[in-house]
Amino acid sequence: MLDEKRLQYLSQLPQPLLTAYMSTTPAKTSGRRRAESSLTGLHSLVKTVIRDVPHSEQGLFQMELARVEEFLRDRRPREKGIVIFAGPATWELLPLQIEVENELHWGSAALAPLLWLMGEHKRYGFLVVDRT
């Protein structure tokens, strides 16, 4: 569950960090599996992000990217989206029950999309009562 305590924890993760917001819902017109769809989305983002990665951190960026790719490759997700925070000593996965736009960030933990999601999708609950 995502709450203020969890956000505080995520904001203090060691840097540099690869943050990946990935939709795990396959494209509506595509017959591809979810993993293939997620990997395609990831690869299209890398080209724009890698330009801003400092030269001294390129190798580390590539290592973390490879970890994320490996994780997504054979995965059968049950959620609509995920957020991954990957660093040399970090691996945090947040499953989301709402679809997100594919985003990739390098540096500190990118929490702005999570804050927006929390504001847009308020918490709710169910209570089921029966005679037993």
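A search of the whole structure, which is a predicted model, finds 2 aromatic pairs. In one of them, the ring centres of Phe-61 and Trp-106 are 5.4 Å apart and the planes meet at 85°, so this pair is edge-to-face. The rings of Phe-71 and Trp-91 also form an edge-to-face pair, because their planes stand at 65°, with the centres 5.4 Å apart.

**The aromatic pairs in their surroundings**

- Phe-61 belongs to helix α3 and Trp-106 to strand β4, so their pairing ties together parts of the chain that are 45 residues apart in sequence.
- Both Phe-61 and Trp-106 are buried.
- Phe-71 lies in helix α3 and Trp-91 in strand β3, which covers residues 90-96, so this pair ties together parts that are 20 residues apart in sequence.
- Phe-71 is partly exposed, with a relative accessible area of 24%, and Trp-91 is likewise partly exposed, at 30%.

**The nonpolar cores**

- In soluble globular proteins, nonpolar side chains tend to be buried together.
- The largest nonpolar core here has 18 residues, and those with the most contacts inside it are Leu-18, Leu-42, Phe-61, Val-68, Leu-72 and Leu-104.
- Two or more residues of this core come from each of β1, α2, α3 (58-73), β2 (81-87) and β4 (103-107), and α2 gives the most, with 5 residues.
- When neighbours within four places in sequence are left aside, Phe-61 is in contact with Leu-18, Val-46, Val-49, Ile-50, Val-53, Leu-104 and Trp-106.

**A buried threonine in a loop**

- Thr-24 is found in the loop that runs between β1 (17-23) and α2 (34-49).
- With a relative accessible area of 1%, Thr-24 counts as buried, because this value is under 20%.
- The side chain of Thr-24 reaches the backbone nitrogen of Gly-81 at 3.3 Å.

**The chain as a whole**

- The protein chain has 4 helices and 4 strands, and these follow the pattern α-β-α-α-β-β-β-α when read along the sequence.
- Of the 132 residues in the protein chain, 40% count as buried.
- Among the contacts in the protein chain between residues at least 6 apart in sequence, 66% join residues that are at least 24 apart.
- The protein chain exposes about 8600 Å², and carbon and sulfur atoms supply 53% of this area.

Methods
Residues are numbered from 1 along each chain as its sequence is written. This is a predicted model: local features need pLDDT of at least 70, side-chain atom pairs count only at pLDDT 80 or more; totals for chains, interfaces and linings use all residues. Side-chain values use heavy atoms; hydrogens and water are left out. Buried means under 20% relative accessible area, exposed over 50%, partly exposed in between (1.4 Å probe, protein chains only). A polar contact is a pair of N or O atoms within 3.5 Å; within protein, one must be able to donate a hydrogen and the other to accept it, and residues adjacent in sequence count only if both atoms are side-chain atoms. A nonpolar core is a set of buried Ala, Val, Leu, Ile, Met, Phe, Trp, Tyr and Cys residues joined through side-chain atoms within 4.5 Å. Contact means heavy atoms within 4.5 Å. Accessible areas come from the Shrake-Rupley method with a 1.4 Å probe; for residues, only the protein chains shown count as cover. Rings of Phe, Tyr and Trp (its six-membered ring) pair if their centres lie within 6.5 Å; planes under 30 degrees apart count as stacked, over 60 as edge-to-face and the rest as tilted.
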